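Hi,

I am passing along a model that I have been going through, and I would be glad if you opened it beside this note. Below it I have written up what I found.

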Amino acid sequence: MTLANVGLPRSNRSNSPFRYPGGKFYARSLILREIPPHDDYCEPFAGGASVFFAKPTSDGTSILNDLDTGVINTLEQIRDDVEGLIGLLDGVEATKANHTYYKNHYTPGTDLEKAFRWFYLNRTSYSGIMRPENCYWGFGRKYSMIPENWPPHLRTVSDKLQGVVLSACDFEEVIDALPDGCFVFVDPPYYAADQEKFYNAVFEHDDHERLAECLKRNGNRLLFLLTYDDHPDIRSLYGWASSIEGQEWNYTINRTDDQRNGLKKQDGFRGGRDKGSELFVRNYDAQPLP
């Protein structure tokens, strides 16, 4: 925390600063109950890092890594110059016209300006999708964090990020270099998902196999919890793990409108509460989830 922003408003909410496709915001309570005692902590596929922001701060080193340099640069600017980022966001309204401008016309010249553009588009895009060809306007005051609440939450996030190591490296490089005893929360792109729709860094079939091999060779010195879509190939790849369990949770609220298609309740739109269903794979003993 810098001396300049001591006493300025904070949200004091342990939430990710981002909207992120495939994020674990709604599964946090399940995941937090599974985390064993640890000092050092790592997320090699950080994304929105919902679990990191929700869990208590570790006594040792925390590492957030993601191949998407836009994610990492934005986290770095929130950590190191949050008031500069807040200053750029000041007065910029969440409008479709602004979204179009910052997506298609604005040219950032500094890392701080890149973070400003990335953060603004992320908070105002449909489902937080940042892949340019699928980055559509998707803000609604009923279900999105409003711009007035961005600054206090960014300060809370900045406080949490102090001392955190941020990197944009291949997962093998990160995992192989972790200290013995580190707990690793591993949340890779889904095995059977259309990744090119959602992510800028695509995970190929060979990468899934490479991840399984990496975790296996480090399994005698690291503790990991891995979350994946439930697919027979994944169950086969991790047949050596201590535990593979299917879990399910509600991951969206009931919506009253469809922002992307311009439909509202009066048009006949009926929102639903979707469910997330994934595998939890561990290499350590834990009590079965109820």
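I will begin with a loop residue: serine 127 sits in the loop between α6 and α7. Please keep in mind throughout that this is a predicted model. Serine 127 has a positive phi, near 60 degrees, although it is a residue other than glycine. Most residues other than glycine have a negative phi.

Alanine 49 belongs to the loop between β1 (41-43) and α2.

Serine 50 is part of helix α2. Serine 50 is buried as well, at a relative accessible area of 10%. Which residues does serine 50 contact once its neighbours within four places in sequence are set aside? They are Ser16, Lys24, Phe25 and Arg28.

**The chain as a whole**

For orientation, the protein chain has 11 helices and nine strands. It runs to 290 residues, and 50% of them count as buried. Among contacts with a separation of 6 or more, 74% join residues 24 or more positions apart. The chain exposes about 13,900 Å², and 47% of that comes from carbon and sulfur atoms.

Take α6 (111-124) first. The buried set is Leu112, Ala115, Phe116, Trp118, Phe119, Tyr120, Leu121, Asn122, Arg123 and Thr124. What do these buried residues pack against? Their partners are α3, α4, α5 (96-104) and α7.

Next comes α7 (residues 150-161). This helix has 12 residues and reaches 16 Å from its first C-alpha to its last, close to the 16 Å expected at 1.5 Å a residue. Here 10 of the 12 residues are buried, so α7 too is largely enclosed by the rest of the structure. Among the buried residues of α7 are Trp150, His153, Arg155 and Lys160, along with Leu154, Val157 and Leu161. The buried residues of α7 pack against α2 (50-54), β2 (62-65), α3, α4 (82-89) and α6. After α7 comes glycine 163, which has a positive phi, near 85 degrees.

Proline 152 deserves a look while you are in α7, the helix in which it lies. At 17% relative accessibility, proline 152 counts as buried, because the cut-off is under 20%. Leaving out its neighbours within four places in sequence, proline 152 is in contact with Pro9, Arg10 and Ser11. Proline 152 and asparagine 12 are 140 residues apart in sequence, yet their C-alpha atoms are 8.1 Å apart in space.

**The second largest pocket**

How much space lies in the second largest pocket? It comes to about 290 Å³. The lining is made of 15 residues, with Gly70, Lys114, Arg117, Trp118 and Met130 lying nearest the centre of the pocket. Both α3 (69-80) and α6 supply at least two residues of that lining. The largest share, five residues, comes from α6. Sorted by class, the lining has seven nonpolar, five polar and three charged residues.

Finally, please have a look at glycine 246, in strand β6 (residues 243-250). Its relative accessible area is 47%, so glycine 246 is partly exposed. Not counting residues up to four places away in sequence, glycine 246 touches Glu278 and Leu279. The C-alpha atoms of glycine 246 and threonine 227 are separated by 9.6 Å, and these two residues are 19 residues apart along the chain.

Happy to go through any of this with you on screen.

Best wishes

Definitions and conventions. Residues numbered from 1 in each chain as written. Predicted model: local features only at pLDDT ≥ 70, side-chain atom pairs only at ≥ 80, totals over all residues. Heavy atoms only, no water. 1 Å grid on protein atoms, 1.4 Å probe; cavity = no way out; pocket = protein on both sides within 12 Å on 5 of 7 lines; lining within 4 Å. Points joined across faces, edges and corners; volume = space filled by probe spheres on them. Helix = DSSP H or I, 4+ residues; strand = E, 2+ residues; numbered from the N terminus. Nonpolar A, V, L, I, M, F, W, Y, C, P; charged D, E, K, R; others polar. Buried < 20%, exposed > 50% of the residue type's maximum accessible area, 1.4 Å probe, protein only. Contact = heavy atoms within 4.5 Å. Expected span 1.5 Å × (residues − 1). Areas by Shrake-Rupley, 256 points an atom, 1.4 Å probe, with all protein chains shown as cover.
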